[in-house]
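Please study the structure shown below, then work through each solution step by step.

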Amino acid sequence: MSDTQTLIENRPPSVAALFLERVAATPDAEAYRYPVPPSAGQGPDDWQSLSWAQAAERVYAIAAGLIDLGVEPEQRVALASSTRVEWILADLGIMCAGGATTTVYPQTNADESAFILSDSQSRVLIAEDAAQLAKAVEKCAELPDLTKVVVIDPAGVETDDWVITLAELERRGAAYLEQHPQLIKERVGAITKDQLATLIYTSGTTGRPKGVRLPHDNWAYMAKAIAATGLISGEDVQYLWLPLAHVFGKVLTSGQIEVGHVTAVDGRVDKIIENLPVVQPTYMAAVPRIFEKVYNGVAAKAREGGAAKYRIFQWAAEVAREYAKASQDNFRRTGTASVPFGLAAKHKVADTLVYGKLREAFGGRLRACVSGASALSPEIGYFFAGAGIHILEGYGLTETSAASFVNPGEAYRTGTVGKPLPGTEVRIADDGEILLRGPGVMEGYHKLPEKTAEVLESDGWFHTGDIGELSPDGYLRITDRKKDLIKTSGGKYVAPAEVEGQFKAVCPYVSNILVHGADRNYCTALIALDEIAIREWAKENGLEGKSYAEIVAAPQTVEMVDGYVRQLNAGLQRWQTIKKFRLLPRDLDVEHGEITPSLKLKRPVVEREYKHLIEEMYAGTKEA
C-alpha cells in the first residue's frame, strides 16, 4: 500500500477529530486572519489573527454552549451567514458538539429559508445579523423545532428567551466546560464516520431544493485526499471568500485543518481587489465568473488607455495564450515546460508591459488558483496561465463533497478538470455520463429515498448528470450537462456551455449569456452585459449619463455586440452559430433566482422569464 493510500485509509472518523489533532500539534501557529472594519467607518480594515489554540477556545465554547442548549448528536444547527471567521468557528463548534450543520445562504428569502429550517428539523439557528433573524421571526409559526436563535452580529437585535448573541453562547459554553472539562474530548471521541455532519440544500432550478446528507467521513476523506494531492502545504496562505454555505467553500476548510496553513477569511466580494494586495495569498479558489470579470476589467482598462494601449493588451493576450498552449503541450510530451526561443522573447516583453502588473494586483505571491462550480472558458484559462496566474480547474458536486477532480500542479491542462482525487473512482457511461464512486459521495438526499435511488446505485456509483470524456492518461474534460445538451430540429447536438464560454473569451463586456436552440432550427442567445464595463464603453460612444437599460437598448450597443457575435460564429460549426441575439434590460442576479449563489446559470428560470424575447427571435421562421 502506498503512503497516500495509507494516509487516506487510516483517516480519523471526523474533521472534528482532525481539528483536535491540529490544535495539539501546532497550538501557537496562526490559523485564521479576519478583517475588522475601522470604528469610524473610514480607512482600511485592521486584519487580526487567531492561533489554532485561540480558535479552539472559541470553538469548544460554542460546542459546549450548544450542548448546554440541548443539542444532541446529529441534531441540526442551521447556519445563515455570509463568509466570515465566525462561520468557520460555529461550523467547527457544531461538529465538535456532535451536531450537524444545515447551511443556509444569506441571500435565501424568508420562504425558502423556512422550508430549509423546517425540512432539516433544525433545533438552533445561528444567524449572522438582524436581517437573518428577521426571516426566522417572520416564519417562526412554521418552525416548531426551532428552540433558539443565536445572532453573530448583535447590532439592532433585541435578545430574549428565544434570541441570544454568539458572545452569550460562548460565555455559557465556557462556564459549562468548567463543570465538564472532558466534554469536548468525549463528544468528538463518540463521533462515528457515518454520523451526519452537514446538510446542504442544493439550489434546484425547479421546485424545492434537496438536502444533501454528508456524513463526517466525507469531510475527513476530503481533508486527507486534498493534502495527498500535494497542492497545498503548511506554508501556504489561502484567501477564502467563497460562500461557505456552498460545498466548494466548505471543503476548503477541511484541507486547511489537515495541513495547518493560514486562511484569511472575508466573504465581501466587493473587497476582493482591495484585499488581495493586503492578504498576499499563495493560493485561492474562485468561480469562473471572477476570472471573467478580472479579464474583462483588464481589457476595458486597456481600451480606456487609447488605441495603442489596447493593441498592446490584445497582442499580450495572444502571446499569453500561445505561450500557455506551447508550454503545456511540451510538458505533456517531455516533462518540461520549455517554449521556442522567439516565443519566450515575446513573452518576456509582454510580461514587463502587462503580466507583471496583473500578478501584483493578485498580491504578487499567488502560486495557483483553483476554479470550480462551472466551466472556465479555455481561452480565458490560457490567458491567465500565460500571464503566470495558474488556474487549476477542478470538478465535483454537492453530492460528492465538492472535490472529485483537480488538475495536478505543474502538469495541469487548461480545458480539463484534471485527475480524480486519490480514492475516487470514475467511469464514463455508454451515453457519456460521468459516474463517480468513493468516500466523498453523499449518503443520500434528506427524506427523499426515491430521489436518492435515481442518482445513487446500490453499488455506490453516483450519476453526476454531466457529460465528459477521459484522456488515456486520466484527465477528465466536461463537455456539458446531460440535461443541458441542445438537440436542434435538424438533429445536431450543441453544447451551450461551450459556446457561451467561447463568447465570454471574445467579448469583454458580457456578464452572462444563455444559448437557446433545443428543437429549433437554429441557435439564439440572450446576453446580459457587465454594468461597469458597458458604462465605461458608453462614455466613449455618446451614451454617457444614460441608464443601463437605455445603454443596452441603443443601436450602437447592439451593433458593437453583433460584431463580437460574428467573431464568435467564425470559429464555430455552422449548426452551433448564433443566428440572432437579444440584449437583456438588466443583468441576471441571485435575487431574481436566475443564477445560484455560486453564480451558476439557472436556464429554465431565465428561459421562462424571457420567453417573449426567445419567441421573438424565432417569429416568422419555419421550424423543421
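**Exercise 1.** Which residue stands opposite Ala525 in β25?

*Solution.* Val515 stands opposite Ala525. The model is a predicted one, in which local features need pLDDT of at least 70, side-chain atom pairs count only at pLDDT 80 or more, and totals for chains, interfaces and linings use all residues. Residues are numbered from 1 along each chain as its sequence is written, and side-chain values use heavy atoms, with hydrogens and water left out. Helices (H or I, at least four residues) and strands (E, at least two) are DSSP runs numbered from the N terminus; two strands pair if DSSP finds at least two bridges between them.

**Exercise 2.** Identify the strands joined to β25 and state how each pair runs.

*Solution.* Step 1: β24 (residues 510-516) is joined to β25 by six bridges, and these two strands run antiparallel. Step 2: the hairpin of β24 and β25 has six residues between the strands, and there Asp519 takes a positive phi near 60 degrees. Step 3: five bridges join β25 to β26 (residues 578-583), and this pair runs parallel. Step 4: Ile527 stands opposite Leu583 in β26.

**Exercise 3.** Explain why β25 is described as largely enclosed.

*Solution.* Step 1: buried means under 20% relative accessible area, exposed over 50%, and partly exposed in between (1.4 Å probe, protein chains only). Step 2: seven of the seven residues of β25 (residues 523-529) are buried, so the strand is largely enclosed by the rest of the structure. Step 3: Cys523, Ala525, Ile527 and Leu529 point one way, while Thr524, Leu526 and Ala528 point the other way.

**Exercise 4.** Determine which strands stand at the edges of the open sheet of eight strands.

*Solution.* Step 1: the order is β7-β6-β5-β3-β4-β8-β9-β19, with mixed pairing. Step 2: β7 (163-165) and β19 (444-445) are at the edges; each has a single partner strand, so one side of each lacks a neighbour in the sheet. Step 3: within this order, β8 (residues 196-202) and β9 (residues 210-215) run antiparallel and are joined by six bridges. Thr202 has Lys210 in β9 as its bridge partner.

**Exercise 5.** Compare the span of α3 with the expected value and describe its burial.

*Solution.* Step 1: the expected span is 1.5 Å times one less than the number of residues. Step 2: α3 (residues 52-68) has 17 residues and reaches 24 Å from its first C-alpha to its last, close to the 24 Å expected. Step 3: twelve of the 17 residues are buried, so α3 is largely enclosed by the rest of the structure. Among them are Trp52, Tyr60 and Ile67. Step 4: just after α3, Gly70 takes a positive phi of about 100 degrees.
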